[in-house]
Each structure stands twice: as structure tokens, then as C-alpha cells.
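Work through the following exercises with the sequence and the 3D view side by side. Each task is followed by a solution that goes step by step.

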Amino acid sequence: PSTPAFPKAVPLITYAVIAICGSVFVLANLPSGERAVEILAPGSPFIWRGAVWGLLTSAFVHVAFWHVLFNMWWTRDFGAVMEPTMRRAASMTTTV
């Protein structure tokens with residue numbers, strides 16, 4: 001007997017991370033993007049002085065085209081395998 005085919009779950013967290021990284025990549029490469037990178041990926045002295053959001057937001061900053069391409073390719077493949085087997089919160093924590 002054959003097993004019924006179940007619809008494959010859409011990896012929403014994975015697609016959201018890819019969309020955020022793609023948007024930040026475009027923003028960072030605009031003429032005024034240097035300031036966005038300084039805010040989203042502050043250096044460690046700024047984090048020690050209170051810019052703690054940088055611990056999370058720096059994960060979304062990719063400035064070089066090949067860097068963002070490779071990382072988003074990997075994120076898509078990894079997320080497609082892992083997200084359907086995990087709860088959304090666990091998937092988000094693992095991906096970020």
C-alpha cells in the first residue's frame with residue numbers, strides 16, 4: 001500500500017530571513033547605506049555601550065554580493081530541510 005502524499009510545509013521563517021537579508025543587502029549597498037550598516041552592525045565597543053540590538057541585527061547584514069548569495073542559498077536549503085521538522089520558534093532560533 002502506498003502512503004498518502006502530504007503537502008510539503010512552506011518554510012515561512014526561512015523565507016522571512018531571506019527577505020530580510022535581501023532587503024538589508026539592498027539598503028546597505030545604497031549610496032547612504034554605510035550609515036545603515038553602522039546602525040545594524042555596530043562594532044563591539046558600541047555594543048558594550050548599549051547597542052545590544054547589534055547582537056541580533058548584525059546577523060542580517062551582508063554587504064558583498066557573493067556573501068549574501070551563498071548565505072541565502074545555504075539558508076534556503078537548510079531551512080527547507082529543518083523547518084518542517086521543528087516548531088517555528090525553534091526554527092527561528094536555529095536559523096538566526
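Buried means under 20% relative accessible area, exposed means over 50%, and partly exposed lies in between, with a 1.4 Å probe and protein chains only. The model is a predicted one, in which local features need pLDDT of at least 70 and side-chain atom pairs count only at pLDDT 80 or more, while totals for chains, interfaces and linings use all residues. Residues are numbered from 1 along each chain as its sequence is written, and side-chain values use heavy atoms, with hydrogens and water left out.

**Exercise 1.** Locate Glu83, decide whether this residue is buried or exposed, and find the backbone nitrogens that its side chain reaches.

*Solution.* Begin with the position: Glu83 sits in the loop that joins α5 (65-82) to α6 (88-95), where helices are DSSP runs of H or I with at least four residues, strands are runs of E with at least two, and numbering starts from the N terminus. Next, Glu83 counts as buried because its relative accessibility is 4%. Then look for polar contacts (pairs of N or O atoms within 3.5 Å; within protein, one must be able to donate a hydrogen and the other to accept it, and residues adjacent in sequence count only if both atoms are side-chain atoms). The Glu83 side chain reaches the backbone nitrogen of Leu12 at 3.0 Å, and a polar atom of that side chain lies 2.9 Å from the backbone nitrogen of Ile13. Finally, with residues up to four places away in sequence not counted, Glu83 touches Val10, Pro11, Leu12, Ile13, Thr14, Arg88 and Ser91, contact being heavy atoms within 4.5 Å.

**Exercise 2.** How many salt bridges does the count come to, and how accessible are the residues Glu38, Arg35, Asp77 and Arg76?

*Solution.* Apply the rule that a salt bridge is a side-chain nitrogen of Lys or Arg within 4 Å of a carboxyl oxygen of Asp or Glu; the count is then two. One joins the side chains of Glu38 and Arg35, at 3.2 Å from N to O. These residues both lie in helix α2 (residues 33-40), three residues apart, about one turn of the helix. Glu38 is partly exposed at 42%, whereas Arg35, at 52%, counts as exposed. Asp77 also forms a salt bridge, with Arg76, and their closest N and O atoms are 2.8 Å apart. Here Asp77 is partly exposed at 37%, and Arg76 is partly exposed at 40%.
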